Structures are given as structure tokens and as C-alpha cells.
Amino acid sequence: MGTIGSWIIFLTLLVGSVSQIANENKIGRVCTTWGHYQWKTFDGDFFQLASNCNHVLVFECNNSYKELNLQMRRTVIDDIPTISTIIMTLEGSVVELAKSSVIVDGKTVSLPHVTFGVSVMRTDFDIIVEAKQGITVTWNLDDSLDIEIDEKYQNKICGLCGNFDGVPNDLMINGAQLSVSDFADTYKVDGPTERCEEPATTTVQSCDDKQLCDQIFSSSPFRRCKDLLDMDSFNTICRNDMCNSKEPTTLCKTISEYSRQCVHAGGTTEQWRNAAFCPKTCPNNMEFTEYSSPCVDSCSTPQASQTCNRDYRGGCACPNGTVFDDISKTGCIAQDQCPCLHKNKLYESGESYSDNCRSCVCESGQWSCTEENCPGTCSLEGGAHINTFDGKAYTFHGDCSYVLAKQSNGYSFAVLVDLAKCGMADSQTCLRAVTVSLDSSSVVIKVTSSGQVYVNQIASMLPLFTPMLSAFSPSSFFIFLDIKVGIQVVVQLSPVMQVFIFADSSLKGTTSGLCGNFNNIMSDDFKVISGLVEATSPAFGNSWKTRAKCPDIVAGFGHPCRQSINKESYAKYWCSKLDDPQGLFASCHSLISPSIYKDNCIYDSCNCENSEESMCAAVSTYVYACAAAGIHFRGWRNTICGKFSEWCPGTTVYDYNMTSCQRTCRSLSQPDYSCQSSFTNVDGCGCVEGTYMTEESQCVSRELCPCYDKDTIIPAGQTVNKDGNTW
């Protein structure tokens, strides 16, 4: 049955409709081309250009092509015109789109892709390119291209999309009307050896029944559109399509464009396709809807469409009452049937697992967990981000020495941190030292950001084993302090200094400081010595200064990414790897949400002078958190932050699971108490298995190791006499 017959049947069968929320009216900021060489400029001029030459669609008239330039070329396949290539220069990056590939700055990339100020993503039917400078380009991988532009470009734009002055006279110059061919020739760009000729303008026939085209565009699915769009122009195109195109889907493409432009104009449309007329197929058991959110509700993000900030448009969606199963990839299912993932194992809804002190039940795709007698974890990351024992996360840019954690009613332990400004801005703060005071300060251990360790103000070498604590360095990146009162302090040294405290459950309700009171109540973590709960992080942080002469920190730091577009682009590109559902760290997402780690990563990458160090510190923090939860990553530095694994001092080597247990020369002569401490695996530089570290931090074979008699070091090959015996 022909297209016209199918449409008549569809009009007969059409029933009911569903109310939708209207979009913003931005039809005057959108230029489109579609179907059988049809065009609409920003200002609303319609024309047909049957050309396969390369044209500039949009560029800034008085500026160079380096910041904003968009070109497009069509080709003909089986007598059907389709867009073959789109080349864009945006924010200094060159993006090339073709059906088989996406190339950014000369390199083929996978999607989604984010580079400096530009993001490229793909949906079921479209590729969408967004530039921070105010351009959004949407290509349906066939005939249709939408270009949405910010109002700041008004009266500054040239190209086939018109001059964006609000007046539909784009084909006029100095009051004279140009032919479409002459207008197009103005913006034609040939290749180095190409000479593409614009086709001569021909009179386009309008045939078939005008009433039928009117019927199409005024039918029930489009009843909210007819007062928003140029009905006469679409009616003419509709009649041209039915008369001049041999391809029956050409009319479908124009109706689809009418639907899209209705949405651009602030209207909504309803389902107008069916199995016999302009059908669209979707994968799995999804359905094509003409007006749906591009953010698909899924088991992982069941409310994605409610928080989506993108325009509704045609696409695949799950039937009402279902979500897409992005965990086991089974298509659309009821939300209460969503499975969960733990350590790469699927659990059906209602199934559970137990791990250490945690029991978790899968409920509608999300883990619901309860904990009993779990240790608390507090951290100071990136020189400013603090996570309390009870899970409260806040940012505090200190410039003093502060109590991170201590025993509230006693003096068995206290952990102090030295924060200092390390850049031009007050928000650029770094952790410079961690001090652990034990037994009313009878033992004080200080670790500086350079890795130097002081015991009671005397420079000391590690490992150090006493009745109170064990201190050792499993790798060049970390120092571990295992303290007998029930806390473990992990100091990270590379790429920047960070600190993590693990407190035994026996200490619940007995701590205070920046890490909070460890009572399982997040809302009172800002309680100060007076008993009041401070409202802001600066006020709370100031209350834990250890030196009264230090100035109080005041609130008022904005997000640092507002200061630099380049840094923001860098941050979003690299930090987005943390929450990429198909990326390096996806296997940990079900256990440890990457959201706050990504937020801190972006913040620190924009905030600090050395964006790479700050970004890599945030990424390594997520890797460490996943390792603590039982998910270990190997090889991740092949993709991100590889520079920190490329060089190790002396004869040491890098490994993703480095240890000092039985890898020191001292451990060959004396008990190695570091092997008795339970810590999360860490990466860094150290001695490869079969070699041993000397006091000079060199890895040597067993034969070259010195011997140890308590604190006496006896070089290899040397003999000593003791108690009448020769050694």
C-alpha cells in the first residue's frame, strides 16, 4: 500500500492522546535541513537546495573559522539524498561526523567523548554534539541535521543557515532577491582539487491533494503545533515530496521534521507512526515514541527522565510501567524485577549477600544494606574534602593545624592535620603533614608530605614497631600506621598527600574533630565542644584549630570551574571516566557510587595549579575505596594517570598490589610485624618479589642484605663476635 493510503488508514484509526509538558520555544534559534534537500534557516526562510557540494552552514562573519565553523555535505545513495559528512570547528577542536566514525582532532574516538569544551554522545537514532560556547548539533545519521545556537550570536552569523537577525530575508542582498543556487554558491567550500557546481534552480512542482497535506499537519497528533509553525511552507513541501520524490519515505521525513520543529517551537506531539505508516523499530522490547526523553529510565537510574535537561524528541523508550534493564541487558522490565550486580555477579531482586559486617538485599535494582559493628572511615582528600565517620561529606579550605580525629574524653589518641595555602587563591589548599599523638603525647609521630617521618621530633626510618603501634611503608605511595587503640591511619603521598582513618567499631560515640563523632547520625557531625551543631563547614572547621593565632576561614568560595573553560573541559573529560558505565571502573559502581569522587575530581582539577596531579589523586582515591570494598583494578594506569607508574626511584618497580611484607632485609633477620597488620592493597613502587629493601631504599638480592642484631646493622660479608661466637 502506498504512503498516502497508509496515512488515510492511520487517520481513521487514530485514537486518544496523552498530555505532555511543553518545551521552551526556541524555533528562532534552530536551523534545520532534512529529507529531499529541504532547509529552514534560523530566521524561518524555507528553501530547497538539491546540491551535493560542501557548504558552510554556520560561522561567525567577522571572526576566523577557528572558533565556530560548521560544514556539511550530502551524497545520493539509491536515488535517496543523505548527509554523508559533517565537519565542525568548535572551541578550537575539529569534530568530523560520518555514519561509520567520529573523528576529533584527527583521531577516531568512541562515544561518549568529551574534550575541551565539546561533548559528543550518541542515542538510539542521533549523534549529539554540544559546545560550551553555545552550539548544539543533532544529526539523525541520515537526512536530518538540527543546529541550535545561543542568542549571543544574533546578527553575527553567516552561512546557509542565514544571518540570525530575526527577519526571514536570508536570500536577499541589498534588497535584491538571490536565487537558491546563487545563495548556496556564496557558502560553497570546495576541496583542494574539487570544483563542485551548484545545480541550476528549477521550478518545483506541487501536486497531489492539498487537502490531504492539510489533514496530515492538522491531525490530532499535531494539534498543539499548527499555531506554532509555518503551515503553508510545510504544506508546500509535503505536496512536493509526494509529487517529486520516488522514495515513499520522503514524506515521512518531512512529517518527522514537522514534529521536531513543533517541539523546538515549544509544542508537543503524539504518536503518529504505526506499523503501516512510517514505522520505526527499536531494540529489545522498546517502543518508538515521537515525544520522549532522550534520558532513558533504567534499573541503574530509574528516574533519569525526570531530571533530564535535554529536549524531548523521537526515540526509543520502554513501555509505561517499565524501565530498561541496563544491568543484565534483557530489555524493558518492571522496576521491581531489576537485578543488582556485586563483584560481577548478578543477583535477582530479593536475593542477598553478606560481606564482613554488611548484609545487602537487592531491591528493584538497588542494594539495600545494613551494617553491624562496622569500622568507621574518615578521609581528608585533595587538601580540602572531608568525609566523616558517619558519611557526611564537606569541603573545608583550612590554613592551620586542625584536629582531624581524637578521643573525646581521654588522651589515648589524636590525629592532627596541617593544611596550608598552596596557590594564589585562598581555595587552593594542600595537606602538608599528618601528626598522630598517642598516650597523652608520650609518643608523637609526624609524617610530612615529602614522606619524612619524625618520632618525637627526631627523623626516623621505617619500619617502626613498638608496643603501641606499627608504622611501615608498603609502597612509595603510602605509609601505614596501625595503632593498638583501635585506629589505622593511612597516609597517601603520591600524587598529592591525603589521609584516611579507619576506626574500630568499639570507638563509636567516643570521637570528635573534623571527622565527626562516629555515632551513626550524620546530621550532628558538625557538633562542636559547646554542644551546638554548626550550620556551615567553615564555622565547624574553625572550631578545631589547634593554634588560636590562625585566621578563621570564611565561606564564599565559588566552584573553581567557573574560572577556566579549558580546565573545566579537561576535568570533565578525565573525571567522567570514573562514572562511565562501560569504562574502567564500572565493576565497582554497584558497591561504591562514583558520584562524589567525580565531583571532587572535577572540583580539584579546576581548583589546583597542577590539574593532572589533582585529578589523579581523586581517581586513585576511588581506586582505593573500591579496593577496600574488595574490587581490585589492574592496568587502569594504562589509560589514565600513567605517568605516576612510569618512573620509580632506584631499583624499585611499580606494581598495582605492592607490599613490604617479607620484602625488607630486616625481615630476613627479625619478625616482620607489618605482615600481621590488615590493610587494603595499594599500588606504588617497591621491591619485586625475591628482592629486599635495604635501609638506603635499594632493592637487593638476599645475599646482599645486611644482618640485624636488634638495632645493630651488620653489612653483608662482615663477621662479628658475640658471646664468644663468631657470626
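Student: In this predicted model, which residue of strand E29 is the bridge partner of Ile-386?
Tutor: The model is predicted, and in it strand E28, which covers residues 385–387, is joined to E29 by three bridges, with the two strands running antiparallel. Ile-386 has its bridge partner in E29, and that partner is Tyr-394.

Student: Is Ser-595 buried, partly exposed or exposed?
Tutor: Ser-595 has its place in helix H9, and its C-alpha atom is separated by 23 Å from that of Tyr-347, which lies 248 residues away along the chain. Buried would require a relative accessible area under 20% and exposed one over 50%. The relative accessible area of Ser-595 is 44%, so this residue is partly exposed.

Student: Is Cys-699 buried or exposed, and what is its relative accessibility?
Tutor: Cys-699 has its place in strand E45, residues 699–700. Leaving aside neighbours within four places in sequence, Cys-699 is in contact with Thr-651, Thr-652, Gly-686, Cys-687, Thr-691, Tyr-692 and Met-693. Cys-699 counts as buried because its relative accessibility is 11%.

Student: How far apart in space are the C-alpha atoms of Cys-699 and Thr-664?
Tutor: Along the sequence, Cys-699 and Thr-664 are 35 residues apart. In space, taken from C-alpha to C-alpha, the separation of Cys-699 and Thr-664 is 8.3 Å.

Student: Which residue of E41 stands opposite Gln-407?
Tutor: Strand E30, residues 401–407, is mostly covered, with five of its seven residues buried. Five bridges join E30 to the antiparallel strand E31, residues 413–421, where Val-417 stands opposite Tyr-402, and a hairpin of five residues connects E30 to E31. Two bridges also join E30 to E41, residues 511–512, again in antiparallel fashion. In E41, the residue opposite Gln-407 is Thr-511.

Student: What is the average twist from one strand to the next in the sheet that begins with E3 in its strand order?
Tutor: That open sheet has eight strands with antiparallel pairing, in the order E3-E2-E1-E14-E13-E12-E11-E10. Its edge strands are E3 (46–48) and E10 (113–115), each of which pairs on one side only. From one strand to the next, the twist averages 10 degrees.

Student: Which residue of E11 is the bridge partner of His-113?
Tutor: Strand E10 is joined to E11, residues 118–122, by three bridges, and the two run antiparallel. In E11, the bridge partner of His-113 is Val-120.

Student: At what angle to E1 does helix H5 run?
Tutor: Helix H5, residues 249–264, lies across E1 (30–34), E2 (38–40), E3 and E14 (145–149). Relative to E1, helix H5 runs at about 170 degrees.

Key. Residues numbered from 1 in each chain as written. Predicted model: local features only at pLDDT ≥ 70, side-chain atom pairs only at ≥ 80, totals over all residues. Heavy atoms only, no water. Pairing = 2+ DSSP bridges. Helix = DSSP H or I, 4+ residues; strand = E, 2+ residues; numbered from the N terminus. Buried < 20%, exposed > 50% of the residue type's maximum accessible area, 1.4 Å probe, protein only. Contact = heavy atoms within 4.5 Å. Axes fitted to C-alpha atoms, helices over the stretch in contact; angles between N-to-C directions.
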